[in-house]
Amino acid sequence: MRRTIVVVGTLLLGASAVMAQQEIAVQQDNLMRSQAKSLYTVILKMTKGEIAYNQKAVDEAIANLEVDVGKIAKTFAVNPKQDVVNATYGSSPKVWQNKADFDSKIPPVQKALAGVKGKIHDVASLKAAYTTINDRCTDCHETYRLKLK
């Protein structure tokens with residue numbers, strides 16, 4: 001009887017750990033998706049003329065990016081050791097193997113965002129801002145993002 005309780009307890013503890021790791025991976029994925037929504041679904045589509053230029057939407061996207069980028073270091077503090085189920089992209093183990101370098105990629109993105117904030121007034125300035133921001137995002141993605149599918 002005691003063995004059964006110990007075995008069941010161990011299995012429940014293991015299942016809880018796996019679920020906790022998946023939750024961390026989901027939080028990381030959600031943060032990246034939120035940034036992608038602002039940068040690609042709003043800003044990039046406006047630069048391509050796929051949606052009409054909207055200053056309020058641009059300002060909101062930049063503000064959302066500022067908040068989200070500020071959460072990256074904390075959100076990626078723990079390695080979930082698994083990817084989100086059915087995700088297209090995931091985090092490379094290199095994030096946690098070289099966390100200092102990963103974290104060093106964040107301030108340039110914040111600086112790029114601060115540099116364009118309040119300076120976007122039309123599609124031309126939005127295109128320049130998009131390039132500036134996306135180049136800093138790419139600096140990190142080249143090393144620390146994996147294409148899973």
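**View 1. An overview of the protein and its buried share.** Of the protein's 149 residues, 30% count as buried, where buried means under 20% relative accessible area, exposed over 50%, and partly exposed in between (1.4 Å probe, protein chains only). Please keep in mind that this is a predicted model, in which local features need pLDDT of at least 70 and side-chain atom pairs count only at pLDDT 80 or more, while totals for chains, interfaces and linings use all residues. Residues are numbered from 1 along each chain as its sequence is written, and side-chain values use heavy atoms, with hydrogens and water left out. The secondary structure comprises 7 helices and 2 strands, running in the order α-α-α-β-α-α-α-α-β along the sequence; helices (H or I, at least four residues) and strands (E, at least two) are DSSP runs, numbered from the N terminus. The accessible surface is about 9,200 Å², and carbon and sulfur atoms account for 58% of that surface (Shrake-Rupley method, 1.4 Å probe; for residues, only the protein chains shown count as cover).

**View 2. Gln35 of helix H1.** Here we look at Gln35, which sits in helix H1 (residues 2-47). Gln35 counts as buried because its relative accessibility is 9%. Setting aside neighbours within four places in sequence, Gln35 contacts Leu65, Asp68, Val69 and Ile72.

**View 3. Asp68 of helix H2.** One of those partners of Gln35, Asp68, belongs to helix H2 (residues 55-69). Beyond residues up to four places away in sequence, Asp68 touches Leu31, Ser34 and Gln35.

View 4. In helix H6 (residues 106-116), the buried residues are Ile106, Val109, Ala112, Leu113 and Val116. Seen down the helix axis, they fall within an arc of 125°, so they line one face of H6 (the arc is that of the directions from the helix axis to the C-beta atoms). These buried residues pack against H2, helix H3 (72-75), helix H5 (99-104) and helix H7 (123-144). Exposed Lys111 and Ala114 are carried on the face turned away from the buried side. After H6 comes Gly118, with a positive phi near 80°.

Notes. Contact means heavy atoms within 4.5 Å.
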